[in-house]
Each structure stands twice: as C-alpha cells, then as structure tokens.
2 protein chains.
Amino acid sequence: MAEATVKKNAHPFDKSRLESLLNRRFFYAPAFEIYGGVAGLYDYGPPGSSLQANIIAEWRRHFIIEEGMLEVDTTIMTPSPVFETSGHVARFADWMVKDTKTGDVLRADHLVKGVLEGRLEGDREARGLAAIPMKEPEKKDKKKEKEKKKKGKGVELVQLTDVTRDEYEHVLAKLDDYTGPELGHLIKNNNIRNPDTDNEVTDPVQFNLMFASSIGPTGQHPGFLRPETAQGHFLNFSRLLEHNNSRIPFASACIGRSFRNEISPRAGLMRVREFTMAEIEHYVDPLDKSHPRFREVADIELGLLDRETQMGGKTDVGRISVGEAVRRGIIANETLGYFLVRIYLFLLKIGISPAKLRFRQHMSNEMAHYATDCWDAEIFNSYGWTECVGCADRAAYDLTVHSKRTGVPLVVRQQLKEVVEEERWVGVWDKKVLGKGLGREGAGVVRVLEEGGEEGLGRVKGELEAHGQTKVLVEGKEFVVTKDMLSVERKVFKQSVREYTPNVIEPSFGLGRILYALLEHSFWCREQDVDRGVLSLPPLVAPTKVLIVPLSSKEEFDPLVAEVSSKLRKAGIFSRVDDSNTSIGKRYARNDELGTPFGLTLDFASVQNRTMTLRERDTTAQLIGDIDEVISVVTELVQGTMEWADACSKLPVYDGTQAVD
Amino acid sequence: MAEATVKKNAHPFDKSRLESLLNRRFFYAPAFEIYGGVAGLYDYGPPGSSLQANIIAEWRRHFIIEEGMLEVDTTIMTPSPVFETSGHVARFADWMVKDTKTGDVLRADHLVKGVLEGRLEGDREARGLAAIPMKEPEKKDKKKEKEKKKKGKGVELVQLTDVTRDEYEHVLAKLDDYTGPELGHLIKNNNIRNPDTDNEVTDPVQFNLMFASSIGPTGQHPGFLRPETAQGHFLNFSRLLEHNNSRIPFASACIGRSFRNEISPRAGLMRVREFTMAEIEHYVDPLDKSHPRFREVADIELGLLDRETQMGGKTDVGRISVGEAVRRGIIANETLGYFLVRIYLFLLKIGISPAKLRFRQHMSNEMAHYATDCWDAEIFNSYGWTECVGCADRAAYDLTVHSKRTGVPLVVRQQLKEVVEEERWVGVWDKKVLGKGLGREGAGVVRVLEEGGEEGLGRVKGELEAHGQTKVLVEGKEFVVTKDMLSVERKVFKQSVREYTPNVIEPSFGLGRILYALLEHSFWCREQDVDRGVLSLPPLVAPTKVLIVPLSSKEEFDPLVAEVSSKLRKAGIFSRVDDSNTSIGKRYARNDELGTPFGLTLDFASVQNRTMTLRERDTTAQLIGDIDEVISVVTELVQGTMEWADACSKLPVYDGTQAVD
C-alpha cells in the first residue's frame, strides 16, 4: 500500500471540475462578486493567498537571497511625466472597436484573430480536414464555445477560395504588425462583425491600458497606476548603485501589484486588470554581458523555440544546453542565458511540469524597439501556451531616457586601471567674431555643430580649409560659419574614468499566471472516483503542509492535538486542525482538494500508546509510529530533506486495524 | 569588554542625524525624486524593504499562524457602488481651503489648529510662562520651524484676553466636531490666514480622499483605489464562513496596499498617500464577545488613556491589567481586550519601546457612528503620539449595509440546541378578491403592509375588525383594503436555526508608521563619537542578520567566505558579505547604521586556524572561536534561543591581538 503507484492520468484533464474545486475551496473568486463582479479582478481566498505567499517566499529565496539582489518596494501611483518619458503614455495602448448597436467594446486584434481563425476552421472542416488545435486562448474556453453553439454561431462550414485562405493565414501570422487604421481596413474589407451579435463595428480607436487618476487636491497632477514595477527600479538606480558600493553588475528586485486596464479580459487569472508581479532589473556593463556563475548552469538543457524556427512557420522546441545556445548566438549573451536557467529551475521547484514549459524567443516585430533580445517562459495550460515570465535585454533604453528628461546622470563611473589617451577633433570658437556675425543665433549654430561629434567636426574642418566657410542648418534656417569664427583642432584627452549607462536584463514574473498554471498542472482525479479531485502541490508551496485529524471531537483528544500542533509550529511547519463533525475520509478528501500533502490522524490508540498515523496525499498510503518519531519524519518530508520512499523504510505501514480513510 | 554596558542615551535624539542616515543608507526615499518627487509617496530601498518584509513575516506568524486566521489577498481597484454602500463616497473626505492668491491648498482643520496653537503659544510666552510641548506633529518639525523663523513668521509674542484664550482652547478641544461651514466661520471670525504667505483663504470645500479612476474602456464604470482593505474582507464573508466550516468566531486577515489622496501630506512616513497595511476582521456573535484565550492574557498590564480621563482634559496613562479593564467596563469586551494585548506583544517583539506606547480610547465624536468602542495603539515619536494601530468594534455595520444593498445575506446560521416556538401575526390574502379590487397595484399594497411587520399587522387587524377595511399608502397613493381581501391571523413558528449578522472587531495596522517609529526608537549615537549612528534593531526584524567581513579582498579568503555564507544560508540566516576596499572599522560602522546585529570577521588566523571573531553591534564586544562553533552560536543568537550574555560564557573574549575594529 505504501509503495502503491498513483495513476494520476487515469482521467483526462477536466477544466470544469478544476474550476469548481477552486471556487468551492476559495482558492480565488471574482472580486466584488456580490455586487455582480468586475471582469479581470479576482480575490484570493485562504488557500490561494497562502499558495501565493509560499511562491513569493520561494522566489525571494531563489532569486533575492541566493543571488544577493537588492530588494526595493516602490510606489504604484506614478506621476504622468515618468510614463511620458518611458513611452507608456504614447504607446502602452491597444486598439478597440465598438459594436455599432450594443456599444460592446472589443479588442480589434482579438476580434480579427477570432473571426479569421473561425473562418479558417470552417474552411478546413468544409474541406473534410480535421480541425487543428488553435493557439488563441479564448477559443479554447469550452463554456464560450458551448454558448456560441447554442446561439447557432458555431463554426460555419464554408469553404474559402485558396487565395482567401492564404490571405487570412498571412494576416494572422503578422497580426502584431498592423496599425489601428490597418486593422480597420482589414475589418471593413473582410466584413468582420461582432461574433456575439453579428453587428458591424466602428473604426478602431486607441485605448491606453493604464488606469489614470489625479494626485493631490488641485487636479493639476495627473497620475497613472504603474503597469509594471520596472520604472521604480530605474528611477532609484543611482541610490542602488551606491548601496552596492558602486559596483556592477548587480540586480534590484521588486514584488508588488501592477495594473492594466484591459479592454475585455476573459481568460480567468491569465488576463487580469490587477496582478502581483515580481521583477528583476539586472544592470550590466554593455561591453561585458558575461555572468560570473554562468559555468554553473551552462550544461543545463532548456526547451527553446527560437526566432528562426518561428520564422519558418514552425513551433518545434529544440532541447539544447544553455551553454551551447549562447555559443551559437541563439541566446544573445551569458547573463540572459543564466537567468533563463534560473527561471527554469524556479518554475520546476514550485511544481510546474517541465513537459509543459518552453522558452520562446520574441520575433523582431514583437520586441520593444530598444530591446536586443527577449525570451518568454511559456507554460502550457488550457488557454494554450501562455507567457508567464518575460526575460528581456532592455539595453540602455530606460536609464537613458529618464536621465535625458531629468538631467540627472544615471551612469556608472568606472575607475580605469590605466589612463587612456584619446585624440579628438575640438571646435575652437572665436566668440566675439561669432557674436558679431550671427548675433543671438550663434548659440544654436555652436550646438548643432558640436552635436555632429567627431565625424561632423572632421567634415567641417575639411570645408573650412577648402572654402573658408561652411553652411549650418539650425531649425530649418541656414547660417554661414566662416574660418575666423571657428577653427577645428586635434586635441589629446586623458581619461582615468570610464562613464557608461549600464544595460538592463529584465526577468519579469506574472505570479498569478504561474499560480494558475501550477494549479492546472497539479490537478487530477482519483482513478476509482472522478469526483475525488486532488491538487498534488509540492510541500514547498502547498498552502497547508500538514493536516491534523482527531478521530472525533471528544475532549480527550484536545491535549494531543495541542501537543502535535505546537511541536509542528516549533519545527516551523504550518499545520491546520480539522475537527469538524464529518468522517475522516471526507476530511481527507477536502484536504486533497486543498493540496495538503500530509495528514496526521489521532485516534484512541494515540491516547493510549502515543502512536499516530501519517498519510501521504497522492498515494493515500499510511504509516504509523510514535508521535515524536512521526513528527520528526513529517518535518523532514516537508522540508524536503526526506523522500516518501525513505519515510516508508523508517516507519511501518499502517495495517488498517482501524479504518481511518 | 564583552560585558561592557552601552550608554545609548549619551546624546539626545537628533532627528536630522537619523534622517540623514535613513536617506544615505536608502532605508527609504521620496519616490520619483529625480522628477522632483511627489509629496506623500516614498520608495523603500534594500534595508527598508527588508525591514518591512521581516515585520510582515513576524506579523503573519504572530497573528495569522498563531491564531489560525484566514488570509485573503483582495483587489485594490474597487467599483464605486462598494464605497457608496460603505459610506466612503459620501463621508471619506476632508475640508480644504485655498490660499486666495497662490492657490496653495491647506487642510482646513490643520490650518485652524496650527494657527490657534501658535497664538496660544505666543500668549503663554508673552505671559512669561514656559512653552508647553505641543501635540500637533507638524509643529515639531524642526526644519519647518527654522524656515518659519527665517521668514520672520515665528511665534509672535502677543498676549490674548482671557476670554479669547479660553475660546481658542475650547475650539481646539472639539475641533473634530466642526463641520466644513463651521470651520469657515472660525477662519473668518478669527482672521486665520495661510501662515506661509499671510494671505486670506477661501471657504472650506469638501475633498474626497479616495483616488478615483475608471474601470474598463467605456468610462461608464467609476472605480476607486481602496483606502483600507476592510471592504474586501466583508464582501467575501460568506465564502470565508464556509471555509471555516460555518463556525464562528473566526478572523480574516489581509496585508496589502491602500491609498489616501491626502490634501497636503508633510509628516514623512507618518502621513502618506500610498501605504502597506495589515488588517484583521474578527467575526463574533453579537451576544457573546468573550474570547476563548482571554484568560491567557488577562493579567498583562497595558498603558491605557481612556475616554473619561481625556474628557477631564488629561492625558495620564493608567497601567492596568486588561482583565480588570474589561471587568470595569473600560474596554468594551474580552475580544477587544484580547486583541489590544496581542497588538502590544507584537509591537514589543519587533522592538517598539514600551515606554513610548499607549492605548488611547476614541472619544465618542471621533468614532465612526456605528462603532461601539475603539482604541488606538499610539506610539510616541518626534511627530508626537501617532496612531499606528487602530482596534475598533465596528458592530454589524458593514455586513448589514452590503447585504441590504446587494440582497445577498451575510449572516451566520446557528443550529439551535432546542427548537424555539414563537407566535406571530400573519397576513392571509385572498388573491382573487385582491386582484379584482386593486388590479396590478395589489402587489405594492401587499408589500407595504407586510413591511409593517408585527406591529403594523396587529394594527391592521384591529382596523379590519372595527371598520371592515383599512387604508394603505403606496408611493403617495391611497388604497382601500377590505376584510374579504385580507385576514390577519396568529400563527406559531418553530425555529431551529438562529440567524444573525456577526459583529466585527477590527485591528488595523499602518505598517509604515510602525516601521518609522521603530527606526526612531532604535536610533542612537556612540558615546565617544556622535557621528557614529547605530540602529539597534532586534535580530528578528533587522534587514541583515550577519555581516561577513573578510580582512582583505585577497583571494585566499574566498573559500572561507563562501563556506561561512553557505553554512549560514543553510541555517536560514540571512547574511551579507562586505569585501569593499575600506577598513574593517568603516565597514562595521556602515553596518551599525544598517542595524546589522552581528559581524563575523575572517582574518589570516581564520585561514590558518579556522577561527573567526563574532562582534555584537550595540556593545562592539568581540568573541572568538572555531568557525563552526561561532556559526552555531550566531545562529542561536539570531533565532533568539540564546542571549549575548550566554554567548559570552560560551566563547572567549577576543583579546585584540589583531586590530579589527
């Protein structure tokens, strides 16, 4: 019995059973439910909060403590200028259309995607080909599909012309590239309508995804809720660098809420308007993106779906060691590669199935314009492959733009071991002649010429020598600069300090998405009874580690229950007592649903002989032993220093003289 | 040396030194500083984040785990109807005035308070009496006072008439009672002006303190950022009750961000626009507010400043056991008393000075109208006595209003041990006659009559018997109900279930305020050198527990540093290595400022003999021993299972043959 193997895949994954479990046990639920709820907002109940807190605690250990990162806790409410500089005010937006009759709002790209994919599916079925599984998450939602079919708006079996089919496929492949007006043309030209009502939709208009508010009582200071924690790190860069004794590389880390006012969120925890994220900003020398600990991880193999493969229209994941991937230039640099492995190890440790995890490289059109490389850790779940962690090389973009806007240098000053001498062209101005000739416009002319840098000044020198003058364009006006105003000379500069803006590698975790994927990966039903769901969460993250079950609520059990609780608490193990008036079997079934890995049963033998049984969740196997011995075994099991097989060799199997399960 | 006593109060508390330390070591800093900052918004740097995380971890252990509370993690962005119901949309506001010339915005009550207190101070000085310390936090801000004096707007020595003086004192005593218009009269009649500019101010207008936003793309769903986490608990009450096997009492707990758009925040971390709070909602039977664990705490004495003392115009704190306070009715009930003690123990555990902690009862005019009793844990600091934890009995208010608004019952159903019989009047309608007589209006008539309840139906019965009919007013229209439509009869009801709305006891913690007070209480300067600041944070909450200091950055130390780090990590102790190129003394001084309680020095003897010295922060005493022995001692010191005195008896004093400090 103790060695019994568990057939976890005896029943196919049943999403509605999982959803019912999560709702019934209050892992999470729609927020403001008694007020009718609000799409994309969820509250976590006790097991969900606890699971989340355990994932966060492990994240802190795995990243912040293990890597000596500098944690920050920054502000959510952000004044507008910060996001003007970062580009979010102008660009953090989606295109939306409205149903011309109902006023329902739809995201334009999702609408196009959904409708064209539906037509392609209809085409395939009409041609007698099997429907291939689709990527778009929403399409997999059984409830919605059922509703559609009820309304008679299921897939229509219409065969398309080959030209049309090819066109649709082309559109879908490069959907991310379309501008709003282009999406509008697509919608008009292809007669795309709101599939829920069959009404026409308006032209796409841009909708910024940041929640807007106003700071202070005057209404003069617009603010936004941050859509990511990143800017809070960057603005504190100089303080962090100083805190790190001015050394680089180092990383800052922040765990906190962010907000995105999604147009019409419909994918449960996978697309929400308020979420907890954990972000790392790792600052490196742009000339040296090696990582001191890269050797430790170089041999670990990851499942990579690189850009080239995707451009070939394929989704084959290649397993390759991260060392080789960096060597072959598939992953841009060591630091990025190092973090991909660290992300991989973290996800496995908390219980994500390695078979359902891949790293997908962004296509060039997907990346922010400043990023040099970006990989998403995608986790497979019932919504398809979902981005759960992003890992981007943001180059020097953010620090540069904030520094430029504020005038505050956000740079590293590196003492050079040897003084470096450098010759440069320098413009030497005769201010008097300049002022006489050009008056107040002189300053602008100087600025433009100096902005030309080395190359520009070299060219100017040539012109001055050849023609005695050069022409300069300042804001559309032309000025003549003569050689008595300016001479260009070669000068030697000595540098003992190198000043540079570091590059930033950013691993960014959506904790809610990871948590939901983990719940799907952990869920299964007992072979003998499909109604008995189990969440096989690893002890590390399980909301409750140990359930204490007194056989009955008789008072004689109270001292034992108190003793066991207290001893577990001292060992740092979080336990709960279930002394409700139901059978022990029902109490265990409830805790299998809550993912509690171990159960301790106190019965009359416990009172007489100080023995206690220990039950393992997945196998339902039970061992028996002296109370203190069992506590010591369960402590090691929870802490991960002992496997269940070892426990079985330490404690005898419970022979069931008393029926407890 | 090891037994040296420390004179922590050798120098008077110097706020500017503390502020300089907190800023220099990046405990926290104004958010968006490089953009000029925003009043009331702060970012926590590495030591501040870590200190906060440790306080939160202890809060979780002390409250959630120890008391078996149900943790929830709820949504910040909240749709307007929720706060309409809770009363926040109508009442969560302050009165503000504007400077008529500069447009500067001031909180009306703060303005009145500041100006009148200033005049009273001037009066006392003019009468030759010593200035008494003031309560108002802002007034104690030295920087501001300096600025005032610079501008020549210091306290003016003007003697008031006795009548005026009494009037001012009367106004200040009941300032919380004034409405906005009354504050306006006060300002006009007493010629109160903006003290910064001497300009007149406008009439007070109300300003709601919630940050407003809009949910979704249509603009039709106004939302607010929550100003407290409480409503998120209440809305989930039924799910939580079910999760607790429908048993009561129980508590929910939530740690998270809340937001208040303060009019003009000026008191550092003590009055901010965004803050992390920890709230408990404990649900009890309104007929039984006893607490099962009250006996355990009944003998603990608290410093109480009760309502009666305050009404007598005094602020004397009485030390009294909580058992006696409940018995004498000073504290309303056991559950409230139990939580006051738990709050007290928590604050002491993290390092709040007991001499600077008191519990002040709210005056009746201070409490929300529905609250039955409320106590604030106030902590003394340079801003005066500041509310850091509130502990209120909110009665059944919140659950009642949300249930009424949504129609969803938020109640406890208690199986009664004995069936209770009750006789009630019941209306028996002849629907046919009613329909014939009143048509579609009949439904409204039935509703109005049944809403009249027991008393109403009794009266109707009398009228029907006396006159054969009764008149009913439905939305202003009168209808006649005859005795062939309705008869009122006495019926017996059997009840086996008692249904009630639980009352809520709410301990609510402002974590940033507690953190700041703790920093003040922990700060002192070395007797021999006022520039050497120390933060004597308890190991439990100290950001870093152990500092590892290799004598030099020579490579031969690397394996030892790695060994010690790794062993500490395995023991669960958070350490940092400081191998910067400065003297060991400077490195220790830096870590005294960071509050790191223990230091381990690795020198050449370590390499040769595997010995290591252990330094204690407050005394700077040093012990020496074998590396593994020292690790075991420091582990116990950090975990609190060993005191420094015991460590001194275990390890020999370091005799300083090598100068390391």
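**Note on the predicted two-chain model**

1. The side chains of B:Arg247 and A:Asp579 form a salt bridge, with N and O 2.9 Å apart. A salt bridge here is a side-chain nitrogen of Lys or Arg within 4 Å of a carboxyl oxygen of Asp or Glu. Between chain B and chain A the count is eight salt bridges. Over all chains, a search of the whole structure gives 105.

2. On conventions: this is a predicted model, in which local features need pLDDT of at least 70, side-chain atom pairs count only at pLDDT 80 or more, and totals for chains, interfaces and linings use all residues. Residues are numbered from 1 along each chain as its sequence is written, chains are lettered from A and ligands numbered from 1 in the order in which they are written, and side-chain values use heavy atoms, with hydrogens and water left out.

3. The interface: 82 residues of chain B are in contact (heavy atoms within 4.5 Å) with 82 residues of chain A. The two chains bury about 6,600 Å² between them, and 57% of that lies on carbon and sulfur atoms. Buried area is the accessible area (1.4 Å probe) that two parts lose on being put together, summed over both. B:Ile34, B:Tyr35 and B:Arg239 supply 12% of the area that chain B buries against chain A, more than any other three residues.

4. A network of salt bridges links A:Glu66, A:Arg293, A:Glu296 and B:Arg569.

5. Within chain A, A:Asp373 and A:Arg307 form a salt bridge, their closest N and O atoms being 3.4 Å apart. The pair links distant parts of the chain: A:Asp373 is in strand 15 (residues 373-381) and A:Arg307 in helix 12 (residues 307-311), 66 residues apart. Helices (H or I, at least four residues) and strands (E, at least two) are DSSP runs, numbered from the N terminus. A:Asp373 is buried, at a relative accessible area of 2%. Buried means under 20% relative accessible area, exposed over 50%, and partly exposed in between (1.4 Å probe, protein chains only).

6. Two salt bridges lie within helices. A:Lys567 pairs with A:Glu563, the closest N and O atoms being 2.8 Å apart; the two are four residues apart in helix 20 (residues 558-570) of chain A, so about one helical turn separates them. A:Lys567 is partly exposed at 30%, and A:Glu563 is partly exposed at 21%. In helix 18 (residues 453-467) of chain B, B:Glu463 and B:Arg459 are also four residues apart, and their side chains meet at 4.0 Å, N to O. B:Glu463 is partly exposed at 28%, whereas B:Arg459 is exposed at 54%.

7. Helix 2 (residues 46-65) of chain B has 20 residues and reaches 26 Å from first to last C-alpha, close to the 28 Å expected at 1.5 Å a residue. The expected span is 1.5 Å times one less than the number of residues. Of the 20 residues in helix 2 of chain B, 16 are buried.

8. Chain B has an open sheet of three strands in the order 4-9-8, with antiparallel pairing. Strands pair if DSSP finds at least two bridges between them. Strand 4 (77-79) and strand 8 (212-214) are the edge strands. Three bridges join strand 8 to strand 9 (residues 222-225), with B:Ser213 opposite B:Gly223.

9. In chain A, strand 27 (residues 611-616) and strand 28 (residues 622-626) pair antiparallel over five bridges. The bridge partner of A:Thr613 is A:Ile624. The hairpin has five residues between the strands, and A:Thr620 takes a positive phi near 60°.
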